[in-house]
Amino acid sequence: MPDTLKGLTIPDLAAMKANDEKIVALTAYDASFAKILDDAGVDFVLVGDSLGMVVQGRPTTLPVTLDHMVYHTRCVARGIRRAVLAADMPFASYSGPAQAIDSAARLIRAGAHMVKIEGGQKRAEVVHALVEQSIPVCGHLGLLPQSVHQVGGYLVQGKDEKTAQAILQDAIILQEAGVSLLVLECVPATLASEITAALDIPTIGIGAGPGCSGQVLVLYDMLGITPGKRPRFSRNFLQGVEDIPSAIRHYVEDVKAGRFPNSDHSF
Ligand code: KIV
């Protein structure tokens, strides 16, 4: 059979953790940016439902539909040759195994290699069902934007011992259920390091300090074009460089070298 997987694979990302090589990740929402990221050596590209906020101008990710995600995943897939491509399952598209498989299948057919879902133990059955269908899954713990109304805001999670232990337990449950990768958003750096050490699978941090296996940022945040205040955990990589490809290359170099994030970008 011809080898059609010419780029990185999900097992390659696991090998990067084993070899202590940082995984560089960014979000993308269209083909042109996806190609710039791919050419610059970004290992993992996420079509994030953050597109609801940075592309659609909504206050949360909740209005994003599966149709929106399929459209943007198809666009981004056209710009990718090397990176692993993940797509977010949007709010209320994975309430149970059957719905989750239907939703994920549409994203995989649009060109995603894996899907990302938010939540811990309560998602274990859905993760298991997806993996049984050979659909790779990325978990997402810590700050969960799809739960913003339940939590009451975009707040750092796991700051006390009890909630930190709950996130660690969720991470272990997700790994046992079959996730291949885990995003940790806005958790204390010490907790992210502890989770990364406890798991075999790679962790990808955002506002989670330098101890994760890799780092992801929302593309528009790291280019300094998101309206409003820059999140503390981000940096404007466009500042002082001549163009967007140079900014992305600097980000790749800084994450690979362990220069970003540092304690200034951590909780
Ligand atoms: O939607 C998104 O962009 C994300 C990242 C913040 C990880 O989930």
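This is a predicted model: local features need pLDDT of at least 70, side-chain atom pairs count only at pLDDT 80 or more; totals for chains, interfaces and linings use all residues.
Helices (H or I, at least four residues) and strands (E, at least two) are taken here as DSSP runs and are numbered from the N terminus. Residue numbers start from 1 along each chain as its sequence is written, and side-chain values rest on heavy atoms, with hydrogens and water left out.

**View 1. The loop around Ala92.** Ala92 is found in the loop between strand 3 (84–88) and helix 5 (97–109). Its phi is near 65 degrees, a positive value in a residue other than glycine. With a relative accessible area of 44%, Ala92 is partly exposed; on this scale buried means under 20%, exposed over 50% and partly exposed in between (1.4 Å probe, protein chains only).

- Asp49, at 3.1 Å
- Asp88, at 3.0 Å
- Lys116, at 2.8 Å

On its own the ligand has 260 Å² of accessible area, of which the protein covers 96%; such areas come from the Shrake-Rupley method with a 1.4 Å probe, and for residues only the protein chains shown count as cover.

**View 2. The largest nonpolar core.** The largest nonpolar core has 88 residues, where a core is a set of buried Ala, Val, Leu, Ile, Met, Phe, Trp, Tyr and Cys residues joined through side-chain atoms within 4.5 Å. Phe44 and Ile248 have the most contacts inside this core. Helix 8 (residues 161–177) supplies the largest share of the core, six residues. Apart from its neighbours within four places in sequence, Ile248 is in contact (heavy atoms within 4.5 Å) with Leu26, Ile36, Leu37, Ala40, Val42, Leu219, Met222 and Leu223.

**View 3. Helix 1 and the residue that follows.** Within helix 1 (residues 10–18), the buried residues are Ile10, Leu13, Met16 and Lys17. They lie on the same side of helix 1 because they cover an arc of only 105 degrees around the axis, the arc being that of the directions from the helix axis to the C-beta atoms. Pro11 and Ala18 are exposed and sit on the face turned away from this buried side. Although Asp20 is not a glycine, its phi is positive, about 60 degrees. Asp20 counts as exposed, because its relative accessibility is 73%.

**View 4. Helix 2 and its packing.** At the start of helix 2, a side-chain oxygen of Asp30 reaches to within 3.0 Å of the backbone nitrogen of Ser32. Phe33, Ala34, Leu37, Asp38 and Ala40 are buried in this helix. Their arc around the axis is only 165 degrees, which puts them on the same side of helix 2. The buried residues of helix 2 pack against strand 1, strand 2, helix 4 (66–77), helix 10 (219–222) and helix 11. Gly41 comes after the helix and has a positive phi, near 95 degrees.

**View 5. Asp43 and its surroundings.** Asp43 occupies the loop between helix 2 (31–40) and strand 2 (44–47). Asp43 counts as buried because its relative accessibility is 0%. Its side chain is joined to that of Arg82 by a polar contact of 2.9 Å. A polar contact is a pair of N or O atoms within 3.5 Å; within protein, one must be able to donate a hydrogen and the other to accept it, and residues adjacent in sequence count only if both atoms are side-chain atoms. Not counting residues up to four places away in sequence, Asp43 touches Leu8, Leu13, Met16, Lys22, Ile23, Val24, Arg82, Ala83, Val84 and Lys256.

**View 6. The cis peptide bond at Pro261.** Phe260 and Pro261 are joined by a cis peptide bond, with omega about 0 degrees. Pro261 is placed in the segment after helix 11 (244–256).

**View 7. Ser134 and His149.** Ser134 lies in the loop between helix 6 (124–132) and strand 5 (137–142). Ser134 is exposed, with a relative accessible area of 65%. From C-alpha to C-alpha, Ser134 and His149 are 32 Å apart in space, and they are 15 residues apart in sequence.
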